[in-house]
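Trainee: Hi! Could you walk me through this structure, please?
Mentor: Happy to, just ask away.

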Amino acid sequence: MSDVLEGADDEGPSVAIACQGGGSHTAFTAGVLRGLLRNWNDEDTLVGLSGTSGGAVNAVTAWYGLTTEGSGRACDLLDAVWADIAAASPMERWTNDSFVWLNRVEVSGFPVPRVSPYYLPSAKRAQREFREVVERHVDFAAVRDLCDREHCPHLVIGTVNVNAGEFETFTDHDVTAEAVLASAAVPELFPAVEIHGHYHWDGLFSQNPPVRDLMHVAPERKPDELWVVQINPQEREGLPTSPDEIADRRNELSGNISLNKELRFIEQVNDWVEAGRLPESEFSHTTIRRIELDQQFDQPSKLDRSSDFLTDLLDRGEAKAEAFLEER
């Protein structure tokens, strides 16, 4: 078992990592995880991983690699998944470039005809191919047994229940390929995924990423530190005025609403703990740290699967993780 999970020092801090969703931009998250795992401090113990949409793909891939063969395997799987996601063939590259261009035209304010993914065979085919990519690298049939292992970190995937209009998370034994598929089911692009008799959409409409489930655990498994890999920038300079700038910022703000709400609650609990208003046997201080994608990209680039773009994001993420660990 990897030192990432066991920890070499029982007195060292426990860590949970929450991976925000954001389409292709979450290649940055894969790079961050790769950098963290390759340079992990043996005194730290990983007790939880959560993710939404593309962040869910990264979380479950890293979790599976760690729980089977360790950090090296996790890094290899993350690289393999994103290599499979990248547009490789000439036809895939042409389709990708055309799709991204069309979305840039749309957010610029020009009317573009839209067709429901329920009427597009290509949407259903793309969803099947996406599932095949995830299942190629993660054996979901083995998840239940892996969850029962000692030192296994908590795994949480975020979705939204379309019918009930509520957030819905899948944790540990309940994490399946369908759950990951549901977490990435962007309504404009893919059909909803039916699980347990109701339908699920992309987790970007819910907890992005899931944080509450990482905190509502037994006291001995509660993280001392929560590391949030944040794709949507918290701040932007200047006022968005053009249609595409407004669309970009609106997308970023909506993606951060649930995250900021949950983090504010953790900060409030921290204040109550420090003031002695909560029992120390059940509550403790949790330090929040953010690892942010500090390069600004437009909204359509979240759909860009070009190899050069994804490789650049992976490298940015790994460099950011290394800097984060040095500063910490």
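Trainee: Is Trp227 buried or exposed?
Mentor: Trp227 is buried, with a relative accessible area of 0%. Buried means under 20% relative accessible area, exposed over 50%, and partly exposed in between, with a 1.4 Å probe and protein chains only. Before we go on, this is a predicted model, where local features need pLDDT of at least 70, side-chain atom pairs count only at pLDDT 80 or more, and totals for chains, interfaces and linings use all residues. Residues are numbered from 1 along each chain as its sequence is written, and side-chain values use heavy atoms, with hydrogens and water left out.

Trainee: Okay! How many aromatic pairs does the structure hold?
Mentor: There are 3 aromatic pairs. Rings of Phe, Tyr and Trp (its six-membered ring) pair if their centres lie within 6.5 Å; planes under 30 degrees apart count as stacked, over 60 as edge-to-face and the rest as tilted. Trp40 and Trp227 form a tilted pair, at 5.6 Å centre to centre with 50 degrees between the planes.

Trainee: Where do Trp40 and Trp227 sit in the chain?
Mentor: Trp40 is in the loop between α2 (27-38) and β2 (45-52), while Trp227 is in strand β7 (residues 225-230), so the pair links distant parts of the chain, 187 residues apart. Helices (H or I, at least four residues) and strands (E, at least two) are DSSP runs, numbered from the N terminus. Trp40 counts as buried at 10% relative accessibility. Together with Phe324, Trp40 and Trp227 form one aromatic cluster.

Trainee: And what kind of pair do Phe297 and Phe309 form?
Mentor: That pair is edge-to-face, because the ring centres of Phe297 and Phe309 are 5.4 Å apart and their planes are at 85 degrees. Phe297 lies in the loop between β8 (287-292) and α11 (307-327), and Phe309 in helix α11, so the pair ties together parts 12 residues apart in sequence. Phe297 and Phe309 are buried.

Trainee: Changing topic, which residues lie nearest the centre of the largest cavity?
Mentor: His25, Pro233, Glu252, Phe297 and Lys302 do, out of 15 lining residues. The volume of the largest cavity is about 90 Å³. On a 1 Å grid over the protein atoms alone, a cavity is a set of points where a 1.4 Å probe fits but cannot get out, and a pocket is an open set with protein on both sides within 12 Å along at least five of seven lines; lining residues have an atom within 4 Å of a point. Grid points are joined across faces, edges and corners, and a volume is the space filled by probe spheres set on the points.

Trainee: What about the second largest pocket, how much space lies in there?
Mentor: About 470 Å³. The second largest pocket is lined by 21 residues, with Arg212, Met215, His216, Phe265 and Ile266 nearest its centre. Both α9 (212-215) and α10 (243-274) give two or more residues to that lining, and α10 has the largest share, 7 residues.

Trainee: One last thing, what phi does His151 have?
Mentor: His151 has a positive phi of about 70 degrees although it is not a glycine. Most residues other than glycine have a negative phi. His151 is in the loop between α7 (143-147) and β3 (154-161), and counts as partly exposed at 30% relative accessibility.

Trainee: Where is His196, then?
Mentor: His196 lies in the loop between β5 (193-195) and β6 (198-201). His196 has a positive phi of about 55 degrees and counts as exposed at 65% relative accessibility.
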